[in-house]
Amino acid sequence: MVPPPFFVHNPINAVTTKFVRTSTNKMRCPIFCVAWTPEGRRLVTGASSGEFTLWNGLTFNFETILQAHDSPVRCMVWSHTDQWMVTGDHAGFVKYWQSNMNNVKMFQAHKEPLRGIRWANKQTKSS
């Protein structure tokens, strides 16, 4: 059996067919984005309450809850170097985070909700 990355042009091979588990933290609310931490041991979720929940990737128990944004967290992505995470919210704000979840910088990128965010390609040079 070949893993899903070998079927880039046929995404149906990566569809799950078995429900495994559901987990909830103290406050039940919709989750808009999910990202594994760089070391792959924890999962970060962004909620409609503006909170991050850090989950243990083995037991799926929540480890900590952090108020990250004032509006719903809509997108998050780790940098190519795994040192930074960038998040965007429903109010158009972008925040930079260190891998220890310290907020470093915040600015309003748009007046509309952010729906996706990503880092530039590693090989892209700025002039």
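These legends go with a few close-ups of a predicted model. Local features need pLDDT of at least 70 and side-chain atom pairs count only at pLDDT 80 or more, while totals for chains, interfaces and linings use all residues. Residues are numbered from 1 along each chain as its sequence is written, and side-chain values use heavy atoms, with hydrogens and water left out.

**View 1. Tyr96 meets Trp119.** The structure has five aromatic pairs; rings of Phe, Tyr and Trp (its six-membered ring) pair if their centres lie within 6.5 Å, and planes under 30 degrees apart count as stacked, over 60 as edge-to-face and the rest as tilted. Here the ring centres of Tyr96 and Trp119 are 6.1 Å apart and the planes meet at 65°, so this pair is edge-to-face. It links distant parts of the chain: Tyr96 belongs to strand β7 (residues 93–98), and Trp119 comes 23 residues away, in the segment after β8 (103–108). Strands are DSSP runs (E, at least two residues), numbered from the N terminus. Ring pairs also bring in Phe107, making a cluster with Tyr96 and Trp119.

**View 2. Arg74 over Phe32.** The charged end of Arg74 sits over the Phe32 ring, 4.0 Å from its centre (the rule: NZ of Lys or CZ of Arg within 6 Å of the ring centre and within 35 degrees of the ring normal).

**View 3. Asp82 and Met101, each with a positive phi.** Asp82 has phi near 65° and lies in the loop between β5 (73–78) and β6 (84–89). For Met101, phi is near 70°, and its place is the loop between β7 and β8. Met101 is buried, at 16% relative accessible area, while Asp82 is partly exposed, at 36% (buried is under 20%, exposed over 50%, partly exposed in between, with a 1.4 Å probe and protein chains only).

Methods. Helix = DSSP H or I, 4+ residues; strand = E, 2+ residues; numbered from the N terminus.
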